[in-house]
Amino acid sequence: MKITRKDSIKTDFGELRGGDVFKDGEVLYMVIEEVENNNCCTYNAVDIETGALTHYYADERVVPLHAELIVS
């Protein structure tokens, strides 16, 4: 028997584009345009649940996901 889990296929963060959703551990993130704060820290991803900003390097491995936004 062959079992394939597509949610565990990792890719480099740098392969993702703005608006793409990915998983790192159990946290879901969305890629955003790189922004810089007043302390010169840069951010390129946002935690979908908390809104916290974070930074990923292009060669960091993440799990890309297919996501759908439902507005009701």
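Biologist: Which residue in β6 is the bridge partner of Lys-23?

Modeller: Val-63 is the bridge partner of Lys-23 in β6. Helices (H or I, at least four residues) and strands (E, at least two) are DSSP runs, numbered from the N terminus. A word on the source: this is a predicted model, where local features need pLDDT of at least 70 and side-chain atom pairs count only at pLDDT 80 or more, while totals for chains, interfaces and linings use all residues. Residues are numbered from 1 along each chain as its sequence is written, and side-chain values use heavy atoms, with hydrogens and water left out.

Biologist: In what sense do β2 and β6 pair, parallel or antiparallel?

Modeller: The general idea is that strands of a sheet pair through backbone hydrogen bonds, in a parallel or an antiparallel way. To call a pair, DSSP has to find at least two bridges between the two strands. Here β2 and β6 (residues 61-65) are antiparallel, with 3 bridges.

Biologist: How many bridges link β2 to β3?

Modeller: There are 4, again in the antiparallel sense, between β2 (residues 21-24) and β3 (residues 27-36). One of the contacts puts Asp-24 with its bridge partner Val-27 in β3. The hairpin has 2 residues between these strands, and Gly-25 takes a positive phi near 70° there.

Biologist: In what order do the strands sit in the sheet?

Modeller: Read across, the order is β1-β6-β2-β3-β4-β5, an open sheet of 6 strands with antiparallel pairing. At the edges you find β1 (11-12) and β5 (53-54), and each has a single partner strand, so one side of each has no neighbour in the sheet. For β1 that partner is β6, joined to β1 by 2 bridges and antiparallel. Asp-12 stands opposite Arg-61 in β6.

Biologist: Now the cysteines. How many disulfides does the structure hold?

Modeller: In general, a disulfide is a covalent bond between the sulfur atoms of two cysteines. The cut-off is a pair of cysteine sulfur atoms within 2.5 Å, and this structure holds 0 disulfides.

Biologist: Is Cys-40 buried or exposed?

Modeller: Buried means under 20% relative accessible area, exposed over 50%, and partly exposed in between (1.4 Å probe, protein chains only). Cys-40 counts as exposed at 58%, whereas Cys-41 is partly exposed at 35%.

Biologist: And where does Cys-40 lie?

Modeller: Look in the loop between β3 and β4 (42-47). Check the backbone too: phi of Cys-40 is near 70°, a positive value in a residue other than glycine.
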